[in-house]
Amino acid sequence: RRAGGRAGSGKLVGHRGWMVLELLDYHSDDQEQYLLLTAVADDGANIDQEILQRLMDVPGTEHPDAGECPPEVLQRLDGDANTLARATMSRAADNSNARLKRMQVQINQWADDKIKGAELELDQIKKSLRAARRSAEQAETMQLRQEAEERVAQLERKQRRQRRAIFDLEDEVEVQRKNLIAELVQRASQDARVNRIFLARWEVR
């Protein structure tokens with residue numbers, strides 16, 4: 001590929017070399033794809049990634065008679081490409097782990113909120129029960145006292161049911177929490193594949 005120089009590729013004017021373009025497929029909690037460019041000039045200089053990205057935007061022409069890439073240059077390109085792929089996978093893994101941690105926090109918060117909601121309801125029952133007992137103690141007639149005692153008995157049964165419900169809910173939420181985290185961890189299992197798209201000769205005039 002021969003390209004006309006312009007802003008961003010000016011440092012390469014008058015230079016030529018070889019480049020490799022690879023596609024990294026990274027599967028974790030999400031599927032991500034990265035285009036990885038690696039290039040070296042004939043004078044042995046590595047090409048900065050930013051300049052290399054701009055070079056790919058420069059209009060150019062194709063020349064199929066570029067010849068064969070020298071083995072030592074190809075070996076160097078392979079090494080640089082592998083280094084770039086490993087660095088990209090490391091950053092992708094860090095991002096994936098950060099997302100995993102945030103989702104684990106959200107799951108734990110969801111579990112806590114479910115239990116807190118049930119506990120708040122129990123607190124409200126306790127308040128109503130205390131008020132009913134005071135009403136029974138302060139009843140001025142037998143009928144009012146009997147009605148208040150019936151209300152106390154109803155609230156005591158409701159309180160016992162709510163306590164059992166909280167125990168059951170805690171067990172249920174814990175099972176759901178563990179299942180969600182296990183599913184999340186399974187989704188976050190990392191797999192990466194690198195496919196070479198092309199090896200090309202380049203020149204900037």
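The model is predicted, so local features need pLDDT of at least 70 and side-chain atom pairs count only at pLDDT 80 or more, while totals for chains, interfaces and linings use all residues. Residues are numbered from 1 along each chain as its sequence is written, and side-chain values use heavy atoms, with hydrogens and water left out.

A search of the whole structure finds eleven salt bridges, each being a side-chain nitrogen of Lys or Arg within 4 Å of a carboxyl oxygen of Asp or Glu. One of them joins R16 to E203, with the closest N and O atoms 3.1 Å apart. R16 belongs to strand β2 (residues 16–27) and E203 to strand β5 (residues 191–204), so this pair ties together parts that are 187 residues apart in sequence. Helices (H or I, at least four residues) and strands (E, at least two) are DSSP runs, numbered from the N terminus. R16 is partly exposed because its relative accessibility is 40%, whereas E203, at 12%, counts as buried. Here buried means under 20% relative accessible area, exposed over 50%, and partly exposed in between (1.4 Å probe, protein chains only).

A further link between the two strands can be followed to a helix. E22 forms a salt bridge with R196, the closest N and O atoms being 2.9 Å apart. With E22 in β2 and R196 in β5, the pair ties together parts that are 174 residues apart in sequence. E22 is buried, at 7% relative accessibility, and R196 is partly exposed, at 37%. R196 also forms a salt bridge with D78, again with closest N and O atoms 2.9 Å apart; D78 lies in helix α2, 118 residues away from R196 in strand β5.

Other charges gather in surface patches, made of residues with over 30% relative accessible area and no salt bridge, where like charges are joined within 9 Å and nonpolar side chains (Val, Leu, Ile, Met, Phe, Trp, Tyr) within 5 Å. The positive patch consists of R151, R157, K158, R160, R161 and R164. K158 sits in helix α3 (residues 142–187) and is partly exposed, at 38% relative accessibility. The negative patch brings together E119, D123, D168, E170, D171 and E172. Helices α2 (71–137) and α3 each supply at least two of its residues, and the largest share, four residues, comes from α3. D168 is a member of the negative patch that lies in α3.

How values were computed. Areas by Shrake-Rupley, 256 points an atom, 1.4 Å probe, with all protein chains shown as cover. Lys, Arg positive; Asp, Glu negative; His and termini not counted. Charge placed at Lys NZ, Arg CZ, Asp CG, Glu CD.
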